[in-house]
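Reader: Before I rely on any label attached to this protein, I would like to hear what stands behind it. Could you take my questions in turn and set each value against its cut-off?

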Amino acid sequence: MKIAFIASECAPFAKTGGLGDVVGALPKALTALGHDVRVFLPLYAAINRHKFGIEPRGAMGVHMGSGEEMWLGTHESQLNDGTPVTFLEYDRFYGRRGIYGDPEEFSDNAFRFALLPKAALQWCKDMDWIPDVVHVHDWSSALGAVFLKTWDRVLSPLSQTASVLTIHNIGYAGKFDRSAMKFIGLGDEYFTPDMFEDAGRMNLLKAGIYFADAITTVSPTHAHEILGPIGGMGLAPYLNNRRGDVSGILNGVDYEDWNPETDPFIPATYSSDDMSGKAICKAVLQERFDLNFEPKMPIFGVVSRFASQKGFDLLQASLPRILESMPCQLVVLGTGDPQTEAFFSDLARRFPGRVGVFIGFSVELSHLVEAGSDFFLMPSIYEPCGLNQSYSMRYGTLPIVRATGGLDDTVHNYDEKAGTGTGFKFWDINPAALYYCVGWAVSTWFDRPGHIEKLRRAAMAQEFSWKDSAKQYVAVYEHALRNRRSGAV
Ligand code: ADP
Ligand code: GLC
């Protein structure tokens with residue numbers, strides 16, 4: 001199959017979270033299965049053209065609904081397996097710092113992320129590279145699924161091309177003022193509650209749900225959750241209209257990037273047979289984060305966007321008490337919500353030598369935190385899949401998670417009698433539940449070190465293979481193509 005990925009993030013070029021990791025990895029797994037895959041990404045100012053060998057190609061013209069013809073530059077590079085990536089250059093939209101904002105959301109995001117899928121589809125037409133499937137991701141490329149059904153509908157060479165929308169994060173729907181409908185090129189007949197309209201505004205994810213030939217999210221449990229009123233965050237009725245076309249496929253891990261045996265970002269490599277390197281990583285982590293050098297003290301790590309989704313209310317309500325009553329250390333790497341940033345900076349001042357904080361985005365430090373910590377905290381309120389807990393497991397760092405979405409699917413809870421499991425789970429959205437779960441981990445650390453060893457081995461042996469997930473995506477692509485051909489959607 002020819003498969004076009006259209007997305008606003010793709011590691012290693014541009015990433016704010018797991019979406020970038022997925023779009024940087026799944027195309028490679030599909031290429032490895034023999035498919036012809038190409039990724040489309042905006043050429044953001046922050047992307048280092050030289051470092052990534054991004055070469056200019058031709059210019060192209062794109063018509064948006066406002067009537068103006070927009071001229072874009074196209075550029076090309078590859079993922080590290082050779083899968084081609086086309087970069088769309090349009091400085092007025094993408095030639096500034098930040099992907100979605102800096103730090104405030106850009107006011108023209110509806111326009112920026114309408115141009116992205118339209119230009120990608122135009123490229124396919126111009127180059128006569130006609131994809132069987134266009135795979136779009138979240139609100140920021142969801143309009144790709146809409147354009148395929150509304151633009152030159154009959155004459156278009158893309159009239160047989162099916163679309164798949166993957167919902168990575170239903171919490172970000174892409175809601176904008178309806179005035180942007182004109183730029184998108186669709187009239188009032190599309191501004192209805194089942195398509196674009198959402199309480200008087202336009203909702204791009206909702207439109208994608210209506211028009212896509214198949215819809216996925218990133219874990220089986222979350223696929224179930226989004227069909228309900230809480231998990232669906234207002235979109236459940238529309239997802240239920242498409243129930244037969246909704247499925248959940250677990251994210252894999254790119255073990256070329258996340259492997260303690262070969263990781264170039266960490267001071268010493270290690271494997272489950274020889275964990276001595278992990279002790280070195282722990283010592284370096286303590287040094288880098290100004291923690292007391294105490295090899296026996298358990299370290300809890302956090303690497304996260306500072307967003308309410310990730311359970312920071314629970315952390316803020318329980319961490320002071322945890323630190324006062326339990327022997328442990330904490331390292332935090334993250335950026336986002338200013339109040340959360342201030343909380344952690346303050347916590348580091350209150351608990352010198354025990355809490356280390358780095359406010360910012362650093363790929364290198366994210367690997368060090370995974371490798372040097374003993375436990376990884378992820379008390380998410382909702383988590384479509386989550387990648388950090390899976391990375392942690394491979395690094396022998398036991399995740400402490402709230403049992404939601406992909407966290408529930410990927411972590412096996414510790415069984416104290418049998419000494420089995422790959423992490424520690426709690427269920428209630430409540431600071432006490434988190435507090436006791438951390439306490440359970442700390443007491444296991446000191447009282448049952450043999451169990452910690454067993455859990456570590458079991459966690460490191462987990463395999464979240466992109467190959468398996470890619471095969472499931474191919475089945476979804478086939479489903480989407482059947483829908484497209486039969487005109488079912
Ligand atoms: P989400 O996509 O909701 O942010 P995931 O767990 O799926 O959550 O993916 C998060 C990704 O972003 C991981 O690769 C993680 O290492 C990375 N990440 C998050 N915050 C930072 C940060 N401050 N510095 C470096 N990497 C980060
Ligand atoms: C989202 C979700 C996260 C998921 C990631 C990649 O940002 O919050 O759970 O792992 O996308 O699919």
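This is a predicted model: local features need pLDDT of at least 70, side-chain atom pairs count only at pLDDT 80 or more; totals for chains, interfaces and linings use all residues.

Reader: Why is Lys417 called exposed?

Author: The term exposed requires a relative accessible area over 50%, and Lys417 has 82%, so the label applies. As for its place in the fold, the C-alpha atom of Lys417 is separated by 45 Å from that of Ala14, a residue 403 positions apart from it along the chain.

Reader: How do you know whether Thr397 is buried or exposed?

Author: Buried means under 20% relative accessible area, and because Thr397 has 0%, it counts as buried. Thr397 sits in the loop between helix H13 (388-394) and strand S17 (398-402), and, leaving aside residues up to four places away in sequence, it touches Lys278, Glu370, Ala371, Ser373, Asp374, Phe375, Phe376 and Ser392. A polar atom of the Thr397 side chain also lies 2.6 Å from the backbone oxygen of Glu370.

Reader: Glu370 belongs to helix H12; what makes you say that H12 is largely enclosed?

Author: Of the 10 residues of H12 (residues 363-372), 8 are buried, so the rest of the structure largely encloses this helix. Those buried residues are Leu365, Ser366, His367, Leu368, Val369, Glu370, Ala371 and Gly372. They pack against helix H9 (276-288), strand S13 (299-306), strand S14 (329-336), strand S15 (355-359), strand S16 (375-378) and H13.

Reader: What makes the pair of Arg456 and Asp374 a salt bridge?

Author: The rule asks for a side-chain nitrogen of Lys or Arg within 4 Å of a carboxyl oxygen of Asp or Glu, and here the side chains meet at 2.9 Å, N to O. Arg456 lies in helix H16 (residues 449-460) and Asp374 in the loop between H12 and S16, so the pair ties together parts that are 82 residues apart in sequence. Arg456 is buried, with a relative accessible area of 10%, and Asp374 is buried as well, with 3%.

Reader: How do you know that Arg394 and Glu463 form a salt bridge, and is each of them buried or exposed?

Author: The closest N and O atoms of Arg394 and Glu463 are 3.2 Å apart, which meets the requirement of being within 4 Å. Arg394 lies in helix H13 and Glu463 in the loop between H16 and helix H17 (466-486), so parts 69 residues apart in sequence are tied together. Arg394 is buried, with a relative accessible area of 14%, whereas Glu463 counts as exposed at 53%.

Reader: How many salt bridges are counted between domain 1 and domain 2, and what is found at their interface?

Author: The domain assignment gives domain 1 (2-252 + 467-482) and domain 2 (276-463), with 33 Å separating their centres, taken over C-alpha atoms. The area buried between them is about 1,300 Å², of which carbon and sulfur atoms give 57%. Asn169, Thr221 and Leu250 supply 25% of the area that domain 1 buries against domain 2, more than any other three residues. Between the domains the count is 0 salt bridges, but the rule finds 9 residue pairs in polar contact across the interface. Helix H1 (18-32) and helix H7 (220-225) each supply at least two residues of the side of domain 1 that touches domain 2, and the largest share, 4 residues, comes from H7. The residues of that side divide into 6 nonpolar, 11 polar and 3 charged.

Methods
Residues are numbered from 1 along each chain as its sequence is written. Chains are lettered from A and ligands numbered from 1 in the order in which they are written. Side-chain values use heavy atoms; hydrogens and water are left out. Buried means under 20% relative accessible area, exposed over 50%, partly exposed in between (1.4 Å probe, protein chains only). A polar contact is a pair of N or O atoms within 3.5 Å; within protein, one must be able to donate a hydrogen and the other to accept it, and residues adjacent in sequence count only if both atoms are side-chain atoms. Contact means heavy atoms within 4.5 Å. Domain bounds come from an automatic or database domain assignment. Buried area is the accessible area (1.4 Å probe) that two parts lose on being put together, summed over both. Ala, Val, Leu, Ile, Met, Phe, Trp, Tyr, Cys and Pro count as nonpolar, Asp, Glu, Lys and Arg as charged, and the others, Gly among them, as polar.
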